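Reader: Hi! Could you walk me through this one? I'd like to start with the strands and then get to the rings.

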Amino acid sequence: MPTALWIGRIDVSDAERYAEYARLAPAAIAAFGGEFLARGGKYEVLEGEGRSRNVVTRFPSMDAARDCYNSDAYQAALAFVEGAAVRDLIIMEALD
């Protein structure tokens, strides 16, 4: 079964509120086998529009990635994003 990636692009407008999301989300993600591959590091936009923060997280499967997003723990963390950031998040099947 192929692994899956969360690819997130974020513009934070309220760093203090978003910090609470960043504190809570890793435990929820780890509970579903998620591991961060890139999280807010240096980047370069080659085409299109970028956002100020980018995150790539690998999960064991598409189901695990989706289940994590829909979990109570992740949704509790996600509540701190509302009004604190604009995000794009996709789940993408990875190549083996």
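This is a predicted model: local features need pLDDT of at least 70, side-chain atom pairs count only at pLDDT 80 or more; totals for chains, interfaces and linings use all residues.

Reader: Noted. How many bridges join strand 1 to strand 4?

Author: Nine, and the two strands run antiparallel.

Reader: And what holds paired strands together in general?

Author: Strands of a sheet pair through backbone hydrogen bonds, in a parallel or an antiparallel way.

Reader: In what order do the four strands sit in the sheet?

Author: The order is 2-3-1-4, in an open sheet with antiparallel pairing. Strand 2 (35-39) and strand 4 (85-93) are at the edges. Each of these has a single partner strand, so one of its sides has no neighbour in the sheet.

Reader: What's the twist from one strand to the next?

Author: It averages 20°.

Reader: Which strands does helix 1 lie across?

Author: Helix 1 (residues 15-30) lies across strand 1, strand 2, strand 3 (53-59) and strand 4, and runs at about 145° to strand 2. Helix 2 lies across strand 1, strand 3 and strand 4, at about 155° to strand 4.

Reader: Nice. Switching to rings: how many aromatic pairs does a search of the whole structure find?

Author: Six. Take tryptophan 6 and tyrosine 69: their ring centres are 6.4 Å apart and the planes stand at 75°, so this pair is edge-to-face. The pair links distant parts of the chain, with tryptophan 6 in strand 1 (residues 4-12) and tyrosine 69 in helix 2 (residues 62-70), 63 residues apart.

Reader: Is tryptophan 6 buried or exposed?

Author: Tryptophan 6 is buried, because its relative accessible area of 4% is under the 20% cut-off. Tyrosine 69 is partly exposed, with a relative accessible area of 31%.

Reader: Which other tyrosine forms a pair with tyrosine 69, and how are the planes set?

Author: That's tyrosine 74: the pair is tilted, with 45° between the planes and 5.6 Å from centre to centre. Tyrosine 74 counts as buried, at 0% relative accessibility.

Reader: Which residues do the ring pairs link into a cluster?

Author: Trp6, Tyr18, Tyr21, Phe59, Tyr69 and Tyr74.

Reader: Last one, on charges: what lies over the face of phenylalanine 36?

Author: Arginine 39 does, at 4.3 Å from the ring centre.

Methods
Residues are numbered from 1 along each chain as its sequence is written. Side-chain values use heavy atoms; hydrogens and water are left out. Rings of Phe, Tyr and Trp (its six-membered ring) pair if their centres lie within 6.5 Å; planes under 30 degrees apart count as stacked, over 60 as edge-to-face and the rest as tilted. Buried means under 20% relative accessible area, exposed over 50%, partly exposed in between (1.4 Å probe, protein chains only). A charge sits over a ring if NZ of Lys or CZ of Arg is within 6 Å of the ring centre and within 35 degrees of the ring normal. Two strands pair if DSSP finds at least two bridges between them. Axes are lines fitted to C-alpha atoms, for helices over the stretch in contact, and angles run from 0 to 180 degrees between N-to-C directions. Contact means heavy atoms within 4.5 Å.
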